[in-house]
Amino acid sequence: QVPVVESGGGVVQPGGSLRLSCAASGSFFRFYTANWYRRAPGKQRELVATITSNGIANYPDSVKGRFTISRDNAKNTVYLQMNTLNPEDPAVYYCDVPGFASWGQGTQVTVSL
């Protein structure tokens, strides 16, 4: 399996927004569920968004209403729109497409004044 490539991380002020992208390689991407995870220093990995092959999204309470996952199957890409970022959100964010691609390097999100 080819690793995904995450991008779009950076430094943003509290209350700001970022959009992360996850590009995958291969055919039949549209048939696979995709997930976004994050890992903050000293904390366990946390699932923050899931999107099924037919576009159904799910979120934990910690990000519900602030994060939106979407996908563009023509581009083999999954997105994570993050709004109203707060001090609980900084982490390395990873994309996972189980059974289709291997883990990438992640992208760092920092929330700072």
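1. Start with Tyr-37: in this predicted model, its opposite number in strand S5 is Leu-47. The two strands involved, S4 and S5 (residues 46-51), run antiparallel and are joined by five bridges.

2. While you're looking at that hairpin, check the turn. Six residues sit between S4 and S5, and Gly-42 there has a positive phi near 75°.

3. S4 also pairs with S9, again in the antiparallel sense and over five bridges.

4. How enclosed is S4? Five of its six residues are buried, so the strand is largely enclosed by the rest of the structure.

5. Now for the charges. The structure has five salt bridges, and Arg-38 takes part in one of them: its side chain meets that of Asp-89 at 2.9 Å, N to O. Arg-38 belongs to S4 (residues 34-39), whereas Asp-89 sits in the loop between S8 (77-82) and S9 (91-96), so this contact ties together parts 51 residues apart in sequence. Both of these residues are buried.

6. Asp-89 has another partner worth a look. Its side chain forms a salt bridge with Arg-66, at 2.7 Å from N to O. Arg-66 comes from the loop between S6 (57-58) and S7 (67-72), and Asp-89 from the loop between S8 and S9, so here the pair links parts that are 23 residues apart in sequence.

7. Which side of the 20% cut-off for burial do these two fall on? Arg-66 has a relative accessible area of 13%, so it counts as buried. Asp-89 is at 0%, so it is buried as well.

8. Through shared partners, salt bridges join Arg-38, Glu-46, Arg-66 and Asp-89 into one network.

9. One more salt bridge to mention: the side chains of Lys-64 and Asp-61 meet at 3.5 Å, N to O. Is Asp-61 buried or exposed? With a relative accessible area of 67%, Asp-61 is exposed, whereas Asp-89 is buried at 0%.

Technical notes:
Residues are numbered from 1 along each chain as its sequence is written. This is a predicted model: local features need pLDDT of at least 70, side-chain atom pairs count only at pLDDT 80 or more; totals for chains, interfaces and linings use all residues. Side-chain values use heavy atoms; hydrogens and water are left out. A salt bridge is a side-chain nitrogen of Lys or Arg within 4 Å of a carboxyl oxygen of Asp or Glu. Helices (H or I, at least four residues) and strands (E, at least two) are DSSP runs, numbered from the N terminus. Buried means under 20% relative accessible area, exposed over 50%, partly exposed in between (1.4 Å probe, protein chains only). Two strands pair if DSSP finds at least two bridges between them.
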